Structures are given as structure tokens and as C-alpha cells.
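Start with the view below and keep it open while reading.

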Amino acid sequence: MYNYSINDQQLVDQRVFQFRDQTRRFLSGELSDEQFRPLRLMNGLYIQRHAPMLRVAIPYGELSSRQLRGLASIAETYDRGFGHFTTRQNIQFNWLQLEQVPDILEELALVQMHAIQTSGSCIRNITCDHLAGIDATEVEDPRPWCELVRQWATMHPEFQYLPRKFKIAFTGSSTDRAATMAHDIGLKLIKNSAGETGFEVHVGGGLGRTPVVASKIKAFLPKSDLLAYLEAILRVYNLNGRRDNKYKARIKILVKAIGLDPFRGQVELVFQNLDSKTLLNQNTDISTVRSRFRSVFPFPVNLGSDKLSAAEQKTYSRWLEKNTLGTKFNNYKSAYISLKNPDRAPGDLTAGEMRFIAQLADKYSGSLIRTTHTQNLLLPLVHESDLVQLWQALNEANLSIANIGTVQDIICCPGLDFCSLANTTSIPIAQEIQNRFGDTDELHALGDIQIKISGCMNACGHHHIGHIGILGVDKRGEEWFQITLGGRADQSLKIGERLGPAVDRNSIVSAVESIVRYYLHNRLNQGEHFLTTLDRIGIDAFKAVVYG
Amino acid sequence: MDNLNFSENTIAVNEWYQLDKEFENDENQARVLVVAADSALEFLEGPLDRLERIVITSTDFNDGRFFSIGRQIRLRGYSGRLTVVGNVLSDQYTALRFCGFDDALILDNSANSRVVSLDKAFALPGVEDSVARNPEHQTVMRNSQ
């Protein structure tokens, strides 16, 4: 976990001061709507369907228990007692008053948090593999690099008014859990043939109306060149990205329009003229950043000896299998807390639950919590001897549902319930699908199937890259849903194929259920993954199931 | 700064392209180049050092190309004055400064047009506007110049 330096804290404090002034100028009429809009957006503040929505940054998904308590306090004091975790590892509050936002930002600053660049046409929160630093197979822990880039991108003088939003994600592992190939820039730590560590750089990925898998722009970038190369990409984009049509303004459109090789040529031209002395907004170096990361060890181990009843043992074993995984540290496991209970909107957490989880993190995981790309939480390091106690505590709080990676673990946008862009609801669809597969034995038998739901073509629910994707469309004021199959979000990122015409609100949940059950009955064995079955028998077989 | 008089002795970017090498030795030639923020950047190839001032005109504060144009001009080694004219927000002054601009001529609807010198460095883009009203608020340099 990164600890702020004095400079980091001053920056955040001053940003609060600045935004308070901007809000005051807007409310007094000194700033027009048009002028205030980019200023509020680059501080995470949207005007939503019901009220302003504030998106708070959780840089690369890492939270301390103190920060989670801070978020709980904001949820209770200023919102309706809950927050919503997003696919980019952030948290959103949906029911705020504009006048109160400066106070909220001040509270956030007290726990080293902010909402800087969580929205707007600027470099957004840096996201990362949620298993960074604990995955035994990773080349190098990407979090210090995320932090270096976060500091560089924060208030970067040149890149606050880009053609469109700009998202950067990191992974240090060959298994991509951060959807890096669906980002404007995806950075993967790799080793070259000489054994040196550097970055494989991908550019121009994204979802939205025009889903594009990122292209490899640089096979190996020395680590010391990271910020200069990012600056070069951003400058070429800032100068050449389209500004006449916001749907064609992302870097993916620019890369497609001029071609990858000419784009790479332009970037190299800028890059060659940059050196560490000319970089803007680079105020630190990687070793300083590394030194500010708090080591998680040692923390107290509780050595519980609780006995479980036979019934409990079965549920516990399932949780152990689905919701925990090994780490590179002997005797320590990571434990997921699923936020995909049918009783809650995917990714939602109440203030009481936040405090409870903060307490568990203090007791069992060195006061650390992580947010995942899939809108769940993770206690990164829990000693094996604590797992029973942890599970019991989670179980009592209804937070032990063992469905990570299953058909219930749905990624879902807020949809029409909150979002002013949405065409359809999405949360109720997720909940109905979750209820169709409520039987834990069946859920367990089905294995890993990722369902992703977006309530409009902006694709915040990542429907393009779900094994089963659902896109809400408006047809003459009615909610209809398009289904895609075969997408994937991992290192082999792939855009799903449209199954056929959209189905209506009454049919969508049954259609998904039919697809899943058809897979279940047609897979060769329990080990055959949904995508393998789909490849083997073809999408037409699934068409017949849904459309007859 | 007191005076930002470049209404005379200016050269438009299309004329700049047409100038030949003799320009470099012509003492009577214009010394101020005016470039729109959406211009192509070929003008950077010309003899920038002969110019006393380069003026970037902005019609939309939200079109951030002028920041990168400023950076490119400075990275080319240009050491004369660099000015932005038109629609920019006070919240952008410090970012402009960091991107190499010396001053801004603000033309806003309230007939409150004014020249702003950007030679004070502030901690954050935009903070200076707040600071001007709250001089007791201490700011800290985040970025060394």
C-alpha cells in the first residue's frame, strides 16, 4: 500500500481548495454550465438521473481499512448509506448534493483519497491486476509503476483537455485480470530474451460503441522509458485525435484511421526528442515510489481453532474453492468477498458492510482490501489458519456467497436506475439471472461463465467481452436486449459475436438461462469450459436454442 | 506584462509557410507568428528563432491542443515569447505556464479582455485564481521549473 508523501498530500489538499472555489464560482454564476462541466468532470462529478454522482478514485484498486471507513462515513453522511464499486476499481456515490461535494473531497483527502480525473477527457484512474504483488507467476509487481504513472498523470499540465477520456491499465502477469487489452494503453510487464524486465505496450483498445482490441505498439519498452513513451503517445493523441465527434474521439479511432505503423512512427518521432529532463510533471522516481509502499508483513496471525459442523464444512469448502486462491507467500491465501448476491445490485456495498470489512481486514489481512475489475472485493493476504474464522464472520454478515467467477458473478453497469445515458435497466436483469441459478450445487457444477450487462452501447458493463454479453437497447420506448456470445476479457481478449435479433424484457432472462443450460447439457465433461463448448458446437446451435 | 501589442508586424501561418530562406536575414520581416490551435504543426519546421513571439489562438478552452503545441514549440528550442489568445479559463493558467506560455490575452464575452502574465508558477493548474482571492492560502511548488 502506497503512503502519501507531504507533496502528495498537499496536492490533494490544494485540489480540494481549488474545486471548492470552482464550485462556488459555478453556483454564483461566475462560471457557465459549459465552463464548469469539464472542471467538475475532471474531478469525478457527473450530473446523473437523480442527483450528482461522484466517482472516487481507488488507485489500482488498493484500499486501507482506514480508507474504507472513510468511504463508509461519506456514504452515511452524504449519500444513502451505500456505495457502488465499478469495473475500473473505483467507487461511486449516487445521491449527493453538489454544494456538499467540496466537503466530501475534504473528508477524502483526510484518508489520502480523491476524485481527481475519475471522469472527463483526461487520464483516468490507473487500474491494475488485483492480484499484483501476490501472484506467484507475475514477472514483477506492477503497483509501483501504477503509482508512478498516477503521480505523473495527476494534474498533468498538457493532458487535462484531451479529445476524450484516456484509460491506462497494468498487469505484471501473463494472465490478464485487468482487461488491459480493452484500454487506451495496456501495459504488461515482461522479460525479454536478455532477461531484462520491461513493458509490452498496447494501444488503442476500448469498448463503447466501437469495440477494439488493443494493438501492440512496442514489443519491449525499457522501464526507464515508461513516462517518456506515455507522454509521446498522449501528445500524438492530443494533437491528432478527433474533436468534432465525441464518438470518434478515442485513441482507438485515431490508430485505426492512420494505421498502427504510421501512428507508431509519429510516437517514435516525439519520443526520440524527449528525455528525463524535459518530461513534465515527473516529480519522483520509481525507487522513491517503491520506498513509500508499506510492506504488509508481518501482521498478527490469530491461529483460530474453530470446528465446523458437517453442514458448515460443505459450505465452507465451497467458499474455499470458489472464493480463495493461493498466493506467492507460503500459508497465505487471498479471499474474495463477492458483491454479487442477488439481494444487492452488483458491486454495491452498504456503509455498515464497509466498516465490517474494514474490521475484518484489520484482523486478518494487514488492514488491506482490494477492489477488482469484476466489482468484487479481495482480502489480499489471509493466513490459512484464519480462514475458518474469516468465513464464519463473513457468513454471519451474508458476505460469504461462494460465486466468484460463476454465472452469478455478473459485471453490470448502473443502467437506467441511475444513469442518464442508459437505454434500459441492467441491475434487475442481473438479479433475475442470479436468481435463476440460485442453487449452489448447480452453480458449482456450471463452472466459470462470465456474464456482462450494459444498459446502453457505451458498454460500461463490458458486454462485448463477456462470455455471454447483454446489451440493452431502446426500441420505441421499450427495453430490448441484444445477446453476444464468445467474448472474453483475458489476455486473449475477444469481442463477442452477436447471437441474433434483440429479445424483449420478458424473454432476456430465460434466453440466458437457456444458453447456460444448453451448454450444461452439451459439454463433453465438467472440465469443458463454456467458450470451448461454444467453439466446438458453434454459435448456430445456441441461436436455435434462443430463437427456435 | 504591460503591453501585448502584436496587432502590427504579425505574420499568419499560411504566409509563414511561403517565406523563403531570405527571411532569416531580413531584419524588417515580421517578428510575431500567429497560429490557430488547430493548425498543422509544419510551421515548427521554420526558423522559429527569428520570431520575437508566437501567438496561439484558441477558440475553445476545452480543446487542449494549445498545451501540446506550446510544449512542441519549446521542445524545438524556441526561446522567444509564447502567448495564447482567446478562449482560455483562468483555471488553465498554470498548466499553460508549465507548457511554455509566457502570457495569455483573455478575450471573454464580458468585454473584460485582459492580458495575464503567466510568469508566476503555482502549485496546480488553476489554483492561482483561487489564491489571488485568498492570498493567505499557501501553495507549494509541486513541479520544479
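**A buried glycine**

The model is a predicted one. G455(A) sits in a loop of chain A, between β17 (451-454) and β18 (468-475). Which residues does G455(A) touch, leaving aside its neighbours within four places in sequence? The contacts include C413(A), G415(A), L416(A) and C419(A). A422(A), N423(A), T424(A), T425(A) and S426(A) are also among them, and so is G472(A). K494(A) is 39 residues away from G455(A) along the chain, and 20 Å separates their C-alpha atoms.

Next, find helices α7 (residues 251-258) and α8 (residues 260-272) of chain A. They pack with their axes 6 Å apart, at an angle of about 110 degrees. Angles from 65 to 115 degrees count as roughly perpendicular, so α7(A) and α8(A) fall in that class. On the α7(A) side, the contact is made by L254(A), V255(A) and I258(A). On the α8(A) side, L260(A), P262(A) and F263(A) take part. The residues of this contact are 6 nonpolar, with no polar and no charged ones.

**An antiparallel sheet**

Now turn to an open sheet of 5 strands in chain A. The order is β3-β14-β15-β12-β11, and the pairing is antiparallel. β3 (62-64) and β11 (324-326) of chain A are the edges; each has a single partner strand, so one side of each has no neighbour in the sheet. From one strand to the next, the twist averages 30 degrees.

Follow β12 (residues 332-337) of chain A. On one side, 3 bridges join β12(A) to β11(A), and the two run antiparallel. There L325(A) has S334(A) of β12(A) as its bridge partner. β11(A) and β12(A) form a hairpin with 5 residues between the strands. In that hairpin, N331(A) takes a positive phi near 70 degrees.

β12(A) also pairs with β15 (residues 377-383) of chain A, over 5 bridges in the antiparallel sense. I337(A) has L377(A) of β15(A) as its bridge partner. K333(A) stands opposite V382(A), also in β15(A).

How many residues of β12(A) are buried? The count is 6 of the 6, so β12(A) is largely enclosed by the rest of the structure. In a regular strand, side chains alternate between the two faces of the sheet. Y332(A), S334(A) and Y336(A) point one way from β12(A). K333(A), A335(A) and I337(A) point the other way, and all of these residues are buried.

Which helix lies across this part of the sheet? Helix α12 (residues 387-396) of chain A lies across β11, β12 and β15 of chain A. α12(A) runs at about 10 degrees to β12(A).

**A mixed sheet**

Chain A also holds an open sheet of 5 strands in the order β6-β7-β8-β9-β10, with mixed pairing. I168(A) has I185(A) of β8(A) as its bridge partner.

**Stepping back**

Chain A has 17 helices and 21 strands. Its radius of gyration is 23 Å; the globule rule gives 24 Å for 548 residues, so chain A is as compact as a globular protein of that length. Its C-alpha trace spans about 65 × 60 × 55 Å along the principal axes. Of the 548 residues in chain A, 55% are buried. Among contacts in chain A with a separation of 6 or more, 68% join residues 24 or more positions apart.

Chain B has 4 helices and 6 strands. Along the sequence, the pattern of chain B reads β-α-β-β-α-β-α-β-β-α. Buried residues make up 38% of the 145 residues of chain B. For contacts in chain B between residues at least 6 apart in sequence, 49% join residues at least 24 apart.

Conventions. Residues numbered from 1 in each chain as written. Chains lettered and ligands numbered in written order. Predicted model: local features only at pLDDT ≥ 70, side-chain atom pairs only at ≥ 80, totals over all residues. Pairing = 2+ DSSP bridges. Rg over C-alpha atoms; globule rule 2.2 N^0.38 Å. Buried ≥ 20, exposed ≤ 12 C-beta atoms within 10 Å, placed from the backbone. Contact = placed C-beta atoms within 7 Å. Axes fitted to C-alpha atoms, helices over the stretch in contact; angles between N-to-C directions. Parallel < 35°, antiparallel > 145°, perpendicular 65-115°, else oblique. Nonpolar A, V, L, I, M, F, W, Y, C, P; charged D, E, K, R; others polar.
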